[in-house]
Amino acid sequence: MSSTESKTETNTEELAAEIKEKLIPIYIMGRKHMVPDTLTIMKAMEYAGFKFIRGCGCRDGKCGACSTVYRKPGDYHIRVGLACQTAVEPNMYLTQIPFYPANRATYNWEELKPSPDEIFKLYPEVFRCVACNACTKACPMDIQVMDAISSLKQGDIAKAATLSFECIQCGLCASRCMAEIPQYHVFQLARRIYAGKMLPKAEHLEAAVKAVKEGKFDSILAEMKGMKEEDFIKAYTEREIESELSEEYWRPGDKRFLIEVED
Ligand code: SF4
Ligand code: SF4
Ligand code: FES
């Protein structure tokens, strides 16, 4: 064996020993697995041989698909988190809840009025809230869930919609609610009503839809479809982009496809 080979083997052994030192036990569905302590729950489960066919989407804390319930030894708390964002800890007992069976009301959007009474009719359980705040503590997005429910009870759809704006529909709040309120479905309805029936219509959006219908972009789309791949990539990489340092009213040099709305 050459000295180089011998050195490489020693390094590999050291690395293996180092990794072994960092392995910690976790329990998945009651069975013990040794996993590196630097991993998230999701990666640790994959390391242990599980393959996610549900309960995994963005892997970036955005989609809410990877809700997880766990306990730690010697701790009476039930803890919750997103598997893609929560690091493993020794002796965690884990359960995945990729889908939470919360009640979602059905309604006719056209007939729905922008009134809190409409929400109360569809979700009367909001009045069962006992203000325990378990929902807020469970939320991985740090949403003030209880306050948003309280706002709705006071008839403030706008505040509930604003407070819940970053909800990723993971369902962890509902899983902890003793009043069995499906907070995330309630909030989604509040945001729909607020955006669709309370806020002023966005004039620039209406103008853009009109321009699309009138065929303003048909020629450039046809031109792009006919491009060779390399020409398309070149056109894309060389396109005009607003600089981060540009002034507020930046406009591209090529104004053929601009849609201006007068203030
Ligand atoms: S409000 Fe509920 S569903 Fe939305 S992100 Fe927070 S815990 Fe998840
Ligand atoms: S967990 Fe349920 S009962 Fe408790 S504060 Fe939140 S909505 Fe109210
Ligand atoms: S996989 Fe999307 S939030 Fe975890």
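Biologist: Which element gives the largest share of the lining of the largest pocket?

Modeller: The model is a predicted one. Its largest pocket has a volume of about 540 Å³. The largest share, 4 residues, comes from H10.

Biologist: How many residues of the lining of the largest pocket are charged?

Modeller: The lining has 17 residues, and those closest to the pocket centre include Arg239 and Asp254. By class, 11 residues of the lining are nonpolar and none is polar. The number of charged residues in the lining is 6.

Biologist: Over the face of which residue does Arg239 lie?

Modeller: Arg239 is among the lining residues closest to the centre of the largest pocket. A charge counts as sitting over a ring when, among other conditions, it is within 6 Å of the ring centre. For Arg239 the distance from the ring centre is 3.9 Å, and the ring is that of Tyr236.

Biologist: Why does the pair of Tyr27 and Tyr93 count as stacked?

Modeller: The model has 3 aromatic pairs. Planes under 30 degrees apart count as stacked. The ring centres of Tyr27 and Tyr93 are 4.4 Å apart and their planes are at 5 degrees, so this pair is stacked.

Biologist: Which strands hold Tyr27 and Tyr93?

Modeller: The pair ties together parts that are 66 residues apart in sequence, because its two residues lie in separate strands. Tyr27 belongs to strand E1 (residues 23-28), and Tyr93 to strand E5.

Biologist: Is Tyr27 buried or exposed?

Modeller: A residue is buried under 20% relative accessible area. Tyr93, at 44%, counts as partly exposed. Tyr27 has 17% relative accessibility and therefore counts as buried.

Biologist: Over the ring of which residue does the charged end of Lys197 sit?

Modeller: The C-alpha atom of Lys197 is separated by 10.0 Å from that of Glu110, although the two residues are 87 apart along the chain. Glu110 itself lies in the loop between strand E5 (93-96) and helix H3 (116-122), and at 67% relative accessibility it counts as exposed. The charged end of Lys197 is 4.5 Å from the centre of a ring, that of Trp109.

Biologist: How many residues in the shell around ligand 1 are charged?

Modeller: The residues around ligand 1 include Cys139, Cys167, Cys170 and Cys173, together with Pro140 and Tyr184. The shell has 9 nonpolar and 2 polar residues, and the number of charged ones is none.

Biologist: How many residues in the shell around ligand 2 are nonpolar?

Modeller: Among the residues that surround ligand 2 are Cys129, Cys132, Cys135 and Cys177, as well as Asn133 and Gln183. In this shell 2 residues are polar and none is charged. The nonpolar residues number 9.

Biologist: Where is Asp142 found?

Modeller: Asp142 has a phi near 55 degrees, a positive value in a residue other than glycine. With 63% relative accessibility, Asp142 counts as exposed. Its place is the loop between helix H4 (134-138) and helix H5 (145-153).

Biologist: What is phi of Arg59 near?

Modeller: Arg59 lies in the loop between helix H2 (41-47) and strand E3 (67-71). Its relative accessible area is 40%, so Arg59 is partly exposed. Phi of Arg59 is positive, in a residue other than glycine, and is near 60 degrees.

How values were computed. Residues numbered from 1 in each chain as written. Chains lettered and ligands numbered in written order. Predicted model: local features only at pLDDT ≥ 70, side-chain atom pairs only at ≥ 80, totals over all residues. Heavy atoms only, no water. Near = heavy atom within 4 Å. Nonpolar A, V, L, I, M, F, W, Y, C, P; charged D, E, K, R; others polar. Buried < 20%, exposed > 50% of the residue type's maximum accessible area, 1.4 Å probe, protein only. 1 Å grid on protein atoms, 1.4 Å probe; cavity = no way out; pocket = protein on both sides within 12 Å on 5 of 7 lines; lining within 4 Å. Points joined across faces, edges and corners; volume = space filled by probe spheres on them. Phe/Tyr/Trp six-rings, centres within 6.5 Å; stacked < 30°, edge-to-face > 60°. Lys NZ or Arg CZ within 6 Å of the ring centre and 35° of its normal.
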